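Hi everyone, thanks for making time for this. Let me put the structure up, and then we can walk through it together.

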Amino acid sequence: MSRILVAEDDPHILSVICLWLSQQGHDVDEARNGLAALQQFGDKPPDILITDVNMPGMDGLELLHEVSQNAHHLRGVVVLTNRWDHREISAGHAGVNVHVVPKPFSPSKLADLIAEIDSDAATMSPPE
Amino acid sequence: MPDNPNQHRLKRAWARITTPLWEGVIPEAYGLALAATLIVGLVGASLCASYAVSRETDALAAESVRGTARVVAAALQASPQDDPRERAALLETLCKSSGATSARWTATDGSLRAEWRPKESKAPLDVPTHEASIQIVDSDGVQAGTLQLGMSPHETQTTRRALLWGNAIVAGLALLLFLRIYWKLHRHVRPIHAVRRNLTELARGVENDLQALSLSDSLGEVASGWNQLIEELVRLRGDGDAPHQSGDAAQTVFDRFEARTLRQVLDRLPIGVLRVGLNHCCVFANRAALQFMEQSEETLRAAPVSEVLGDEATALLSAQNRSPSPSSFDRHSGPDDGGVTLRYTVYPSQRETAGGERLLTIEDVSFRYEAERSRDRFLYHVTHELRTPLTNIQAYAETLAKPAFDDEQTRRECYNVIISETRRLSALVENILSISQLEVGSARVEMGEVDLVRVLRQMVEDNMGAADEKSIDLTLKLPPKTPRIEGDKQRLSVLLNNLIGNAVKYTPEQGRVNVILEVEPQFVRVTVSDTGIGIDPAEHERVFEKFYRAADSKIQAVTGTGLGLAIARETARLHGGDIHLESEPGKGSAFVVELPLSKSSGVEVEQR
């Protein structure tokens, strides 16, 4: 099971993601905006980061840029977005496993994606 | 039968001879002939009259001579003289006293009995002498011979002289008149004839040296007018790009007139029009084209258009030689958002236009791009705003369907979110429809008398729950009397609800929202003020734009469609009013709506 940080400004979406991932047995932390997420990222480094793009203050892309400097422990990043330019979102973050999930999304599929990232990480670098 | 060229040439030659004849010489000759006839008639009549008078005078003179002769004869009979000398003396006396010029008395046998002749004739030679013969009978009743008396009566001479002078004067006057008519005709017909002849030559194009067609100034005003025309024509030809060696010169004048008119029309067009020659140099550019390219016509003529328009245009112009349909490209300058986009279109050369020239138009299509950008922005915002409630509905519906989440609290939360997000979705759809209709002017408006006080009370009541949740003090202040206004009650309700709802939404807890209604002579004013975060003056106008959300994170943290204020402004304007914002960051905001009072709004609603 993984430690997951969810950055999302919409309380309902944040709530439902946390509900599903907790139910899957993950350790989930919530952040209502980019700055709060960056703070928590430093305090309690997660295995997986789930972030929305449009957030007040620091948006998801800025957050991604910030965390990609210190991402050696990060198994993957899931970017939730309303935007169409998915390729542009995932580009420019070498060394970070970025997945773009367009809104509206299915929570079960998000849970499956998290499980997939976990299993990929497990096969590529078995825990020491 | 086809036209024989020789025949044609012959016809033209004949026409060249006959046309001036008919059009110049003959009218002049006719005029002169008519004048001559009149004058000859006049002189003839004068001569006829002279002749008649002369004859009458002659008859009278003859009668007078006969009378004198009779008197002389009677005197001779009365005193017969045997002596020849006495006879002669008597005859002389008688002749001198009667004014006779000669007298001869012959006997019956033919012998001369007496004769008198003045020693020197004083009578002018041109005055005829009237003669009369009278038989002389002596006192015995015997025939004594014949008296021949010559006389030149004074009256005849006078009359003849008068007639001579009269005729001379008439003839002189007639000559003067003729000369005068001739001079007049010559002055007026000659230049017209000359102009006509020259015009014919010009129209045939036989004369290339226009100066040779100018007329002598001595021909008067017509000639000077014609000469001015020729000078203008010479000037116009000089202006032209290439001298027209052949072709219809008169047509050229017309074409140039038409070209000038056309140029004036083209200069008024908002579209740039360029004619580009085969050497890629500009032959013609209208005013708009020069403005778009920021060039003067001289520089444009001198250099190939590729230097001004770049390689893209050159490629297009070269390619256009082969393409049958117009082709175009757009070039953008200035900032991406805004700036100017010009569309260059090259039209194929037409066979009938000389020298394979191409037509290039330049159009400002910025507004099309702006419309496209605006549409894209709208679509982006709409889909963006739709995705959030849809995401919630999908996620919570799926949660509800999953047996793992079967506890009562989760299920209730799912239901609540689905219901609220569905409401949000339908409100959003409603707002999008509403703003679209308002913007294009197709909104259905049901105008009627609106009791604004009642509407305000209702809207405040509707927002009271939300205000209470945040412990916001929501108050309504009304004037003692308010006239009804004319408007669409439903739309005005939405307007006021948007303003009050926003104020409650963006005001922090423990804040205050005041709704104030004021009545002015011409309009009513509704002010919705709050103790919220305030809005930077730079954003005062932008808050009324569609989907605009202030950059402030506190505002972005609150859900909204970004259409409420846009709808409010459009609705206020639909009612002939307007809305504006008075706000400073940190000092709260006041949205002020002014709606005109209807002209017939005499009914006042009194506050209870």
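Which residues does Asp118(A) touch, not counting residues up to four places away in sequence? Asp118(A) touches Ser2(A), His26(A), Ile48(A) and Arg75(A), where contact means heavy atoms within 4.5 Å.

Before going on, a word on the ground rules. This is a predicted model, in which local features need pLDDT of at least 70 and side-chain atom pairs count only at pLDDT 80 or more, while totals for chains, interfaces and linings use all residues. Residues are numbered from 1 along each chain as its sequence is written, chains are lettered from A and ligands numbered from 1 in the order in which they are written, and side-chain values use heavy atoms, leaving out hydrogens and water.

Back to Asp118(A). This residue sits in helix α5 of chain A; helices here are DSSP runs of H or I with at least four residues, strands are runs of E with at least two, and both are numbered from the N terminus. Is Asp118(A) buried or exposed? It is buried, because its relative accessible area is 14%; the scale, with a 1.4 Å probe and protein chains only, calls a residue buried under 20%, exposed over 50% and partly exposed in between.

Staying in chain A, please find the loop between β5 (98-102) and α5 (107-124), where Pro104(A) is found. The peptide bond from Lys103(A) to Pro104(A) is cis, with omega near -5 degrees.

Glu294(B) is not a glycine, yet has a positive phi of about 55 degrees. You will find Glu294(B) in the loop between α6 (287-293) and α7 (297-302) of chain B, and with a relative accessible area of 70% it is exposed. Ser471(B), also a residue other than glycine, has a positive phi near 55 degrees. Ser471(B) lies in the loop between α12 (452-469) and β11 (473-477), and its 40% relative accessibility makes it partly exposed.

Here is one about helix α1 (residues 5-78) of chain B, which holds Glu56(B). Glu56(B) is exposed, at 51% relative accessibility. Glu56(B) and Thr156(B) are 100 residues apart along the chain, but their C-alpha atoms are separated by 9.7 Å.

What about cysteines? A disulfide is a covalent bond between the sulfur atoms of two cysteines. Among the cysteines, Cys18(A) is buried at 8% relative accessible area, and Cys414(B) is buried at 1%.

Last stop: the place where the chains meet. How many residues of chain B are in contact with chain A? The count is 23 residues of chain B, in contact with 22 residues of chain A. The two chains bury about 2,100 Å² between them, 59% of it on carbon and sulfur atoms; buried area is the accessible area (1.4 Å probe) that two parts lose on being put together, summed over both. On the side of chain B that touches chain A, α10 (366-401), α11 (408-440) and α14 (553-556) each supply at least two residues. The largest share, 13 residues, comes from α10(B).

That's my tour, so please ask away!
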